[in-house]
Amino acid sequence: FHEDVKARGVLIVVEGLDRAGKTVQCQLLLDALQQRGHQVKYIKFPDRNSLTGKIINGYLQGQAQQDDHSIHLLFSANRWEAAQRIRSDLSNGITIIVDRYSYSGAVYSAAKENPDLSLEWAWQPEVGLPRPDLLLFLSISSEETAKRGGYGEERYETDAMQSKVRHLFERLLSMNHGHDVHLIDARFPVDQVAKELLNSTLGHLSERKPLETFAKLR
Ligand code: TMP
């Protein structure tokens, strides 16, 4: 018995520190996959255009203050708002490249070192969201990103914050087992990094296993 089921799209997340080159790399990956004939979409979090996104944008630009927990939950709500759309696109065979996701959500909030906001607490609202098939982590030191242009314009873009974020990313990735994480050295020239991202992705482009969801941190 042979059933010819159309492969669902693949959920790919690109993560890393501010200025690691995520957005440029997502664009290059999108172009490369489209050239190969795949149906691909790019989305990014936070989505600053939605209702929650507008509040988040004001906060990031320093125009508004927010309680640490409250802004954290808004970042999470910003992803939940998109979850149904992500699921339906994937099941229609569309591959999605996501620029930042729950990993950023948990580590940036936990990096504030608010005693009531641990990494575990911060992860909890992500439980149940679609889990990526592939996580591409652009790895770079906080000193290296500080040298890149445009740094320091928004909240969180300080050396102290970025170095905490880096350590928390490492902790989170080591705790959240069970899915495919590729560490990509982002210090290299753009083209070289792009090639690595594409190579990591090509092996995953015919996913047939059901989409999974995030579980509690263990
Ligand atoms: P962006 O520069 O990729 O637009 O992200 C804006 C900032 O928001 C960046 O410093 C990371 C931070 N962030 C969070 O604090 N929580 C989240 O859930 C996400 C997606 C980003």
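**Exercise 1. Find how closely the axes of α4 and helix α7 approach and at what angle they cross, then describe the contact.**

Step 1. Locate helix α4 at residues 102-110 and helix α7 at residues 159-175. Helices (H or I, at least four residues) and strands (E, at least two) are DSSP runs, numbered from the N terminus. A reminder before you start: this is a predicted model, in which local features need pLDDT of at least 70 and side-chain atom pairs count only at pLDDT 80 or more, while totals for chains, interfaces and linings use all residues. Residues are numbered from 1 along each chain as its sequence is written.

Step 2. Two packed helices are described by the angle between their axes and the distance between the axes. Axes are lines fitted to C-alpha atoms, for helices over the stretch in contact, and angles run from 0 to 180 degrees between N-to-C directions. Here the axes come within 9 Å and cross at roughly 130°.

Step 3. Name the arrangement. Angles under 35 degrees count as roughly parallel, over 145 as roughly antiparallel, 65 to 115 as roughly perpendicular and the rest as oblique. α4 and α7 are therefore oblique to each other.

Step 4. List the contact residues (C-beta atoms, placed from the backbone, within 7 Å). From α4 come Tyr 103, Ala 106, Val 107, Tyr 108 and Ala 110, and from α7 come Val 165, Leu 168, Phe 169 and Leu 172. Sorted by class, this contact of α4 with α7 has 9 nonpolar, no polar and no charged residues. For the classes, Ala, Val, Leu, Ile, Met, Phe, Trp, Tyr, Cys and Pro count as nonpolar, Asp, Glu, Lys and Arg as charged, and the others, Gly among them, as polar.

**Exercise 2. Work out how α3 and α4 pack, and which residues make the contact.**

Step 1. Helix α3 covers residues 68-91, and its axis lies 10 Å from that of α4 at an angle of about 175°. α3 and α4 are therefore roughly antiparallel to each other.

Step 2. On the α3 side, the contact uses Asp 68, His 72, Phe 75, Ser 76 and Arg 79; on the α4 side, it uses Ser 102, Gly 105 and Ser 109.

Step 3. Class by class, the contact of α3 with α4 holds 1 nonpolar, 5 polar and 2 charged residues.

**Exercise 3. Describe the packing of α1 against α8.**

Step 1. Helix α1 (residues 22-35) and helix α8 (residues 190-202) have axes that come within 10 Å and cross at roughly 55°. α1 and α8 are therefore oblique to each other, and the crossing is right-handed.

Step 2. Val 24, Gln 25, Leu 28, Leu 29 and Ala 32 of α1 meet Val 190, Val 193, Ala 194, Leu 197, Leu 198 and Thr 201 of α8. The contact of α1 with α8 contains 9 nonpolar, 2 polar and no charged residues.

**Exercise 4. Which residues are around the ligand, and which helix gives the largest share of the shell?**

Step 1. Helix α4 supplies the largest share, 3 residues. By class, the shell has 6 nonpolar, 2 polar and 2 charged residues.

**Exercise 5. Look at the backbone of Pro 46, Arg 100 and Tyr 156.**

Step 1. The peptide bond from Phe 45 to Pro 46 is cis, with omega near -5°. Pro 46 sits in the loop between β2 (40-44) and α2 (51-60).

Step 2. Arg 100, in the loop between β3 (95-99) and α4, has a positive phi of about 70°. Is Arg 100 buried or exposed? Arg 100 counts as buried because 22 C-beta neighbours lie inside 10 Å (buried: 20 or more other C-beta atoms within 10 Å; exposed: 12 or fewer; partly exposed: in between; C-beta atoms placed from the backbone).

Step 3. Tyr 156 has a positive phi near 85° and lies in the loop between α6 (142-146) and α7. With 15 other C-beta atoms within 10 Å, Tyr 156 is partly exposed.

Conventions. Two residues are in contact if their C-beta atoms, placed from the backbone, lie within 7 Å. A crossing is left-handed if the near helix is turned anticlockwise from the far one by less than a right angle, and right-handed if clockwise.
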